[in-house]
Amino acid sequence: MTANPKQVLDAMTPVPFAITKRTQDLADTFTIELEPENRSEGFVFQPGQFNMLYAFGVGEVPISISGDPAKPHKLIHTIRDVGAVTHAISNLKKGDMLGVRGPFGSAWPVEEATGHDVVIVAGGIGLAPLRPAIDAILANRTQYGRFVILYGARSPADVLYRKQLQTWRGRLDTYVDVTVDHAGHDWAGNVGVVTRLIGRANFDPHHTKVLICGPEIMMRFTIQELATQGVDKDDIYVSMERNMKCAIGHCGHCQFGGHFVCKDGPVFPYGRIESLLQVRGL
Amino acid sequence: MVKVEGLDKLLADHPFFKGMDDTSRRTLAGCARNERFLAGEYIAHEGSPADRFYFIRSGTVALEYHVPGRDGLILETLHDGDVFGWSWMVEPYLWSNDIRAVELTRVFSLDATCLRKKLKKDNALGFDLYSRFVPVMARRLSSTRQQLTDMYGKS
């Protein structure tokens with residue numbers, strides 16, 4: 001816990017960032033690039049961490065960082081327009097200002113995964129928090145075994161980072177498989193749940209680290225399928241989403257059993273929270 | 001005879017028949033035939049007699065619902081090693097949806113009428129076959145339920 005009053009104050013004070021680029025990814029999802037002022041080192045973060053974004057006069061929301069950790073001078077967030085704050089951010093344009101606190105939280109086990117196969121399983125906008133991990137792994141591709149990216153979306157129109165998925169698929173050292181829940185004849189790809197992609201991804205279940213991010217129901221079924229394939233629960237990592245407010249483990253809004261998702265998470269080894277995921281209403 | 005032996009090999013290579021004894025597999029091979037479908041070709045239509053069921057050797061098929069005035073709505077795609085067409089087991093033995101080859105697809109199929117006759121005489125084989133089909137159906141049902149939750153929608 002952050003005990004030093006100055007550190008707490010720093011962590012609670014939003015720093016103004018200018019929006020340098022805004023891209024509409026999907027009908028309800030957009031990406032903004034932010035440029036830190038007066039930070040020669042850029043905005044250093046680890047894959048999986050999040051920031052609190054403050055739309056001035058409206059409020060704050062926790063949003064995972066979705067940019068490349070090797071490019072700290074470009075802070076990138078992909079955001080779904082679902083509430084008052086994200087809607088206010090969606091209305092901001094290039095040159096507008098945004099308050100940023102962070103980075104906060106735990107990271108994907110990119111270092112620990114070296115020497116293993118790595119399987120990324122993402123659902124919907126869950127691909128955004130995983131993209132920094134994908135970038136980090138691809139930047140050191142030879143350090144890993146088979147690299148698998150499995151992605152599920154609602155429909156072809158909801159496939160996030162479509163061009164980047166195509167680029168990753170075009171590499172000769174990365175296996176990418178995408179599925180959607182529903183589609184028409186203009187879609188020649190997979191239709192069905194993302195768990196159906198796991199069985200044919202051809203990784204070594206006994207030497208694999210799996211990183212999962214998506215709706216909790218999707219993560220639950222994914223974990224069941226991974227267990228069927230023989231993956232140990234200690235090799236599975238999930239990113240949890242709860243009502244994060246202070247982001248430093250003080251306010252308790254994001255308490256999850258004995259954990260604070262903002263401070264102990266959002267990335268957890270599945271074995272650590274397995275029992276909590278079965279508690280109704282938690 | 002040569003043809004049956006060739007089909008027996010196809011059955012032996014398909015994951016659905018993994019662990020099945022040789023005698024049972026040869027019995028089933030007597031009802032089997034090898035088929036291929038071109039991309040876009042319909043293998044079955046909703047409401048038509050489910051007189052065959054299929055085992056994908058290579059390729060992709062789409063399970064679809066026909067929607068008036070537009071292209072079919074794809075419910076699921078199936079690939080190498082998958083099975084489709086369990087309507088042959090359930091009266092009135094009619095296909096419950098359309099099946100379309102998405103790409104060149106090689107399958108072998110079993111004649112349901114031939115098979116139903118054999119299974120009436122050989123209950124052990126019937127039990128074995130049903131025991132293999134039930135997990136396929138359960139998995140398909142679970143997938144459908146997950147899709148129904150619209151889990152990627154706005155919560």
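**Cysteines and rings**

Modeller: Happy to! Let's start with C213(A), which counts as buried at 8% relative accessibility. Keep in mind that this is a predicted model.

Biologist: And C262(A), is that one buried or exposed?

Modeller: C262(A) is buried, with a relative accessible area of 1%.

Biologist: How many disulfides are there over all chains?

Modeller: There is one disulfide over all chains. The cysteines it joins are C31(B) and C114(B), with 1.9 Å from S to S.

Biologist: Remind me, what is a disulfide?

Modeller: A disulfide is a covalent bond between the sulfur atoms of two cysteines.

Biologist: Where do C31(B) and C114(B) sit in the chain?

Modeller: C31(B) is in the loop between α2 (22-29) and β1 (32-37) of chain B, while C114(B) belongs to helix α3 (residues 112-121) of chain B. They are 83 residues apart, so the pair links distant parts of the chain. C31(B) is buried, at 3% relative accessible area, whereas C114(B) is partly exposed, at 24%.

Biologist: Which hand does the link of C31(B) and C114(B) have?

Modeller: That link is left-handed, with -65 degrees about the S-S bond.

Biologist: New topic, rings! How many aromatic pairs are there over all chains?

Modeller: The count comes to 17 aromatic pairs over all chains. One of them is F50(A) with F104(A), a tilted pair with 5.8 Å centre to centre and 45 degrees between the planes.

Biologist: Why does the pair of F50(A) and F104(A) tie together parts apart in sequence?

Modeller: Because F50(A) lies in strand β3 (residues 50-55) and F104(A) in strand β6 (residues 97-104) of chain A, the pair ties together parts that are 54 residues apart in sequence. F50(A) is buried at 1% relative accessibility, and F104(A) is buried too, at 8%.

Biologist: What about Y54(B) and F84(B)?

Modeller: Their ring centres are 5.0 Å apart and their planes are at 10 degrees, so that pair is stacked. Y54(B) is in strand β3 (residues 52-58) and F84(B) in strand β6 (residues 83-84) of chain B, so parts 30 residues apart in sequence are tied together. Y54(B) is buried at 5% relative accessibility, and F84(B) is buried at 1%.

Biologist: Which rings are linked into a cluster?

Modeller: Ring pairs link a set in chain B, including F16(B), F17(B), W88(B) and Y130(B).

Biologist: Last one: which charged end sits over the ring of Y93(B)?

Modeller: That is R116(B), 3.8 Å from the ring centre. In chain A, R131(A) lies over the face of Y161(A), at 3.8 Å from the ring centre.

Technical notes
Residues are numbered from 1 along each chain as its sequence is written. Chains are lettered from A and ligands numbered from 1 in the order in which they are written. This is a predicted model: local features need pLDDT of at least 70, side-chain atom pairs count only at pLDDT 80 or more; totals for chains, interfaces and linings use all residues. Side-chain values use heavy atoms; hydrogens and water are left out. Rings of Phe, Tyr and Trp (its six-membered ring) pair if their centres lie within 6.5 Å; planes under 30 degrees apart count as stacked, over 60 as edge-to-face and the rest as tilted. Helices (H or I, at least four residues) and strands (E, at least two) are DSSP runs, numbered from the N terminus. Buried means under 20% relative accessible area, exposed over 50%, partly exposed in between (1.4 Å probe, protein chains only). A charge sits over a ring if NZ of Lys or CZ of Arg is within 6 Å of the ring centre and within 35 degrees of the ring normal. A disulfide is a pair of cysteine sulfur atoms within 2.5 Å.
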